[in-house]
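Hello,

Here is the structure I promised to pass on to you. Have a look at it first, and then read on for what turned up.

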Number of protein chains: 4
Amino acid sequence: MATRKVRTSPRKRPTQDRSKQTVDTIVEATARVLVSEGYERATTNRVAEVAGVSVGSLYQYFPSKESLVAAVVDRHSDHMMCVFREAIAGAATLPLREGARVVITAMVDGHDVEPELHRVCAEQIPRVGRLGRLLEDLDTHASPSLVAYLQSRAHELVVKDIELATFVLVHSVETVLHRVLSTRRVVPRDVLIDELTALCLRYLTATAPDEPARAQRTVRS
Amino acid sequence: MATRKVRTSPRKRPTQDRSKQTVDTIVEATARVLVSEGYERATTNRVAEVAGVSVGSLYQYFPSKESLVAAVVDRHSDHMMCVFREAIAGAATLPLREGARVVITAMVDGHDVEPELHRVCAEQIPRVGRLGRLLEDLDTHASPSLVAYLQSRAHELVVKDIELATFVLVHSVETVLHRVLSTRRVVPRDVLIDELTALCLRYLTATAPDEPARAQRTVRS
Amino acid sequence: MATRKVRTSPRKRPTQDRSKQTVDTIVEATARVLVSEGYERATTNRVAEVAGVSVGSLYQYFPSKESLVAAVVDRHSDHMMCVFREAIAGAATLPLREGARVVITAMVDGHDVEPELHRVCAEQIPRVGRLGRLLEDLDTHASPSLVAYLQSRAHELVVKDIELATFVLVHSVETVLHRVLSTRRVVPRDVLIDELTALCLRYLTATAPDEPARAQRTVRS
Amino acid sequence: MATRKVRTSPRKRPTQDRSKQTVDTIVEATARVLVSEGYERATTNRVAEVAGVSVGSLYQYFPSKESLVAAVVDRHSDHMMCVFREAIAGAATLPLREGARVVITAMVDGHDVEPELHRVCAEQIPRVGRLGRLLEDLDTHASPSLVAYLQSRAHELVVKDIELATFVLVHSVETVLHRVLSTRRVVPRDVLIDELTALCLRYLTATAPDEPARAQRTVRS
DNA sequence: GATGAATGAGCGTTCATTCAT
DNA sequence: CATGAATGAACGCTCATTCAT
C-alpha cells in the first residue's frame with residue numbers, strides 16, 4: 001500500500017509551561033472536533049478555531065494533521081493503558097478468579113470514560129501508521145503485565161501458551177466491550193462483567209467435558 | 001456527530017449484460033485500488049482508470065464514492081457471510097465439539113480469501129453508515145443461525161443467555177483472527193483453530209474450578 | 001465576449017410525419033423540463049427521458065442543447081407573435097382608442113397562455129444568439145405591422161417618429177406585463193389594460209399641459 | 001421550479017485592509033470575466049486567475065460562484081440606485097416637467113457607466129434568487145422616493161394610482177433604455193431623453209383627446 | 001433509424017499547509 | 001513567536017455529446 005511520508009512526531013518538546021498548556025489545548029480541541037465532526041470532516045482550521053489559536057500556531061506544535069490525530073489517539077490510549085495497568089498491578093496478588101474480575105471491571109470502566117471519543121478512534125480513524133496505536137498498545141503495554149500475572153498464576157491454568165492466551169483474551173474482551181458500546185446494545189454492567197469474567201476463567205482454567213486433558217497438565221497433576 | 005447525506009444505493013439496476021459486466025469491473029477495480037492505495041488515497045478517477053472505463057460510466061452506476069466503497073464492502077461481507085452460513089448449515093447435526101471446530105475453521109478460511117482487502121475494509125474504511133456492514137453482518141446474518149444451532153445443542157451448554165454468548169464468541173473469534181492477520185503474527189493455522197475452538201467450547205460448556213454451578217445445570221445433573 | 005460555435009438550427013427538415021411528431025414531442029418535453037427544472041438544471045438526458053426517446057434520437061433532430069432551447073423559445077415567440085399580429089390585423093380599421101385597447105388586450109392575454117414557460121424564457125435563458133428571439137421578435141415581427149397601423153392613424157398622433165414611438169411602447173407594455181407576472185403583483189386584468197391603454201394613448205395623442213406644441217402639429221392644426 | 005440551496009452571503013466580513021482590498025479585486029475580476037467570457041463560461045478559477053489570487057482565497061470570501069456573481073450584481077445595482085436616488089433627491093422641489101427630465105437623464109447616464117456589464121447582468125445572469133436584484137431594486141429602492149416625489153406633485157397628475165404609475169414608468173423607461181443599448185440602436189441621447197420625458201409627462205399629466213376625464217380631476221378643476 | 005452505455009473535459013469546491021506581516 | 005490570509009493541488013462529480021450495437 002502506498003504511504004506518504006509525513007511528520008507525525010510533535011515538532012518541539014514544549015519545555016515552557018505555556019507551550020505545554022497550548023499543546024494540551026490543541027489536543028483537547030482536536031478530540032472535541034473529532035467527536036463533533038467525525039474524522040473525515042475534521043479540519044485543522046476548525047481545530048485551531050476551537051482551540052482558540054491560529055492555524056499557524058497549531059503547525060508550530062504539530063507538523064501535520066496526522067500528528068494531531070495521533071496525539072489524540074496516543075492520549076486516549078495512554079489513558080486506557082494506565083487504567084488497565086493499575087488494575088493489573090492491583091490484581092497482582094489476587095487469585096485468578098478475583099484478578100480476572102478486577103481487570104475486566106477496569107476494562108469496562110475504561111470504555112465508559114470517553115465513549116464517543118473511543119468510538120471515533122476505533123471506528124473512523126484509519127488504523128494506519130501511528131494512528132493504529134489504540135489496539136497495538138493492548139499488545140505492547142497491557143499484555144506484558146497480564147502475561148506476567150498469568151504466569152504467576154500458572155498453576156491455575158490449563159492453557160499452554162500464556163502469551164497466545166493473553167492475546168486472545170485481551171482482544172476478545174476489548175472487542176466485545178467495544179461492540180456493546182458501538183451498537184448501543186443494552187447489557188447491564190454486571191452481566192457484562194460476569195459474562196466476560198466467565199469467558200476468561202473458563203478459557204484459562206476449565207476443561208470442556210470431552211476435551212482431552214493436556215499433556216503437561218496431566219504430567220503435573 | 002455531523003453526517004452529510006450522500007446517495008449510497010446503486011443508481012441503476014444494470015439490465016443489459018454489458019452493463020452488468022461494467023458494474024462488476026468497477027467494483028473489482030475499486031477493491032484493487034483500495035488495496036493498493038488505501039482508502040483515503042483512493043479516488044474515483046483512479047478507480048475508473050483501473051477499471052478501464054470513464055468516470056462518467058462509473059457515476060452511471062454508482063452515485064458517489066461512498067456507494068462505490070459500500071459495494072466493495074457489501075460484496076466482501078456477502079462472501080464471508082456465505083462461507084460462514086454454509087459452515088453453520090453443515091454443522092447443524094454435529095455435536096458441539098465438532099460443530100464449533102467446523103465453524104471456526106470456516107472463519108479462519110474466510111479470513112484468508114482476500115486478506116488484504118479484508119484489512120482495508122476492517123482498518124481503513126470508516127465504519128459509518130453503510131460502510132460498517134462488515135461487523136454488523138456478523139450480528140444480523142451469521143449470529144441468528146449460530147444461535148439456532150446452539151439452541152439445538154442447549155443440553156451441552158452452561159451459558160444462560162445463548163444470544164449474548166453468541167455475540168461474545170462471534171466477535172471474539174472474528175477479532176482474534178483479524179488481529180493475527182493484521183499484525184502478521186505467526187500462528188500456525190491449526191494452533192489458531194485449536195485455541196479458538198477451546199475458547200468457544202470451554203466458555204459454552206465448561207465450568208471453572210471454583211465457579212458456582214448454575215442453577216439449571218445443577219438441577220439437570 | 002467569447003462565443004463558441006454550436007449548431008443551433010435543426011439538423012434535418014422532418015419530412016415524414018413521424019419525424020415531425022417526434023420533433024414536437026421533444027420540443028414539448030424541453031419546455032416541460034425548462035419549467036420544472038429551470039434552465040441551468042435542465043439536461044438533455046432528462047429531456048429525452050421526458051420525451052420518451054433516447055438521447056441519441058434527440059441528437060438526430062437537434063444538434064445541441066442550445067438548438068433545443070432555441071426551438072422552445074422560437075415556438076413560444078411564434079405563438080405570441082401570432083396572437084399579436086392577429087390582434088393588430090383585427091385592429092386595422094379601428095380608431096386608435098379602440099385599436100390600442102385591442103392590441104394591449106391581446107398582449108395581456110398572450111402573457112397568460114404559458115406564464116411559467118414565459119418566465120423561464122424571459123428570466124433564465126440567456127438572451128444570447130438565437131436564444132434572444134423573444135424580445136427581438138417584438139421588433140422584427142410585431143413592430144412593423146404596428147408601425148403600419150399607426151401610420152394609418154397618423155392624423156391622430158402627436159409623436160413625430162412613429163418607429164421610435166412603437167419601439168418605446170411595445171417594450172414598455174411588454175415589460176410591464178412581464179414584471180407584473182414575474183413579481184406576482186396583484187393587478188386586476190382590466191386595471192392593467194386600462195392603465196397600459198392610457199399610457200399608449202396619452203403618449204401617442206396627448207400633449208402635456210405645458211408641453212410646447214410640435215412644429216408639424218402646429219402647422220397642421 | 002427546483003432550486004438548490006447555496007450560500008450566497010459573503011463568508012466573512014473582511015476586517016483588515018488587505019482582505020478588503022482582496023475582496024474588491026475579486027469582485028472587479030468577476031465583473032471583467034463576466035463581460036469577457038459571458039456568464040455561462042465564467043469560472044471561479046478564471047476569476048481567481050484574473051484577480052491574481054488563488055481559488056482558495058476567493059472561497060475565503062465568497063462561499064460559492066453564485067455569491068460571487070451576486071456581489072457583482074449588487075455592486076452594479078447599488079451604483080445605479082445611487083445615481084437614481086441622487087437625481088430624485090435633486091428633483092424634489094422641481095416641477096414635474098423638469099423633475100422628470102432630471103430623473104430620466106440620470107437613468108440614461110446610469111446606463112452608460114458600465115454598459116457591457118449591464119448587458120451581462122440584464123441578459124445573461126438568470127434572474128433567480130439574489131441574482132435578480134437589478135430589477136427588484138428598481139421597485140424596492142428607486143420607486144419609493146419617486147412615489148413620494150410624485151405625491152408631492154399630485155396636483156399636476158391625472159393618474160389615480162401613483163404607485164402603479166410609478167411601477168409602469170420606471171420599468172418602461174428602464175426597459176427602453178436597456179433595449180436601445182442592447183440592440184445597439186442609434187438614438188441620439190437628447191432624442192431619447194425627450195422621448196422618454198414625453199412618455200412620462202403625457203402619461204402622468206395629459207388626457208387623450210377623447211379620454212373621459214377622471215372623476216377626481218373633474219372635481220378639482 | 002434508434003438506442004443508451006460510454007465518454008471525458010472541465011466544473012465548483014475543499015483543506016492541509018505555508019509564509020508575509 | 002503568533003497570526004490568519006493566501007495557496008493550489010487535487011478531489012468528487014456533471015452532463016453535453018458520441019458511437020458501437
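Where chain C meets chain D, 53 residues of chain C are in contact with 52 residues of chain D (contact means heavy atoms within 4.5 Å). Please keep in mind that this is a predicted model, in which local features need pLDDT of at least 70 and side-chain atom pairs count only at pLDDT 80 or more, while totals for chains, interfaces and linings use all residues. Residues are numbered from 1 along each chain as its sequence is written, chains are lettered from A and ligands numbered from 1 in the order in which they are written, and side-chain values use heavy atoms, with hydrogens and water left out.

Chains C and D bury about 4700 Å² between them, and carbon and sulfur atoms give 56% of that area. Buried area here is the accessible area, taken with a 1.4 Å probe, that two parts lose on being put together, summed over both.

Four salt bridges are found across the interface of chain C and chain D, where a salt bridge is a side-chain nitrogen of Lys or Arg within 4 Å of a carboxyl oxygen of Asp or Glu. Asp139(C) and Arg185(D) form a salt bridge through their side chains, with 3.9 Å from N to O.

Which helices of chain C supply at least two residues each to the side that touches chain D? They are helix 1 (17-37), helix 6 (115-123), helix 7 (133-152), helix 8 (162-182) and helix 9 (189-205). Helix 8 of chain C gives the most, with eleven residues. (Helices are DSSP runs of H or I, at least four residues, numbered from the N terminus.) Sorted by class, this side of chain C has 27 nonpolar, ten polar and 16 charged residues. Ala, Val, Leu, Ile, Met, Phe, Trp, Tyr, Cys and Pro count as nonpolar, Asp, Glu, Lys and Arg as charged, and the others, Gly among them, as polar.

How are the two copies related? Chain C is superposed on chain D by a rotation of 179° with 0.0 Å of shift along its axis, at an RMSD of 0.2 Å; this is the relation of a two-fold axis. In chain C, Ser172(C) has the C-alpha nearest the axis, 2.1 Å from it. The same surface serves both copies, as 98% of the contact residues of chain C recur in chain D.

Now for chains B and A. Here 52 residues of chain B are in contact with 53 residues of chain A, and the buried area is about 4700 Å², 56% of it on carbon and sulfur atoms. Four salt bridges are found across this interface. Arg185(A) and Asp139(B) form a salt bridge, with their closest N and O atoms 4.0 Å apart. Between chain B and chain A, 16 residue pairs are in polar contact, both at pLDDT 80 or more.

Happy browsing, and best wishes

Definitions and conventions
Least-squares fit on C-alpha atoms with pLDDT ≥ 70 in both. Polar contact = N/O pair within 3.5 Å; in protein donor to acceptor, adjacent residues only side chain to side chain.
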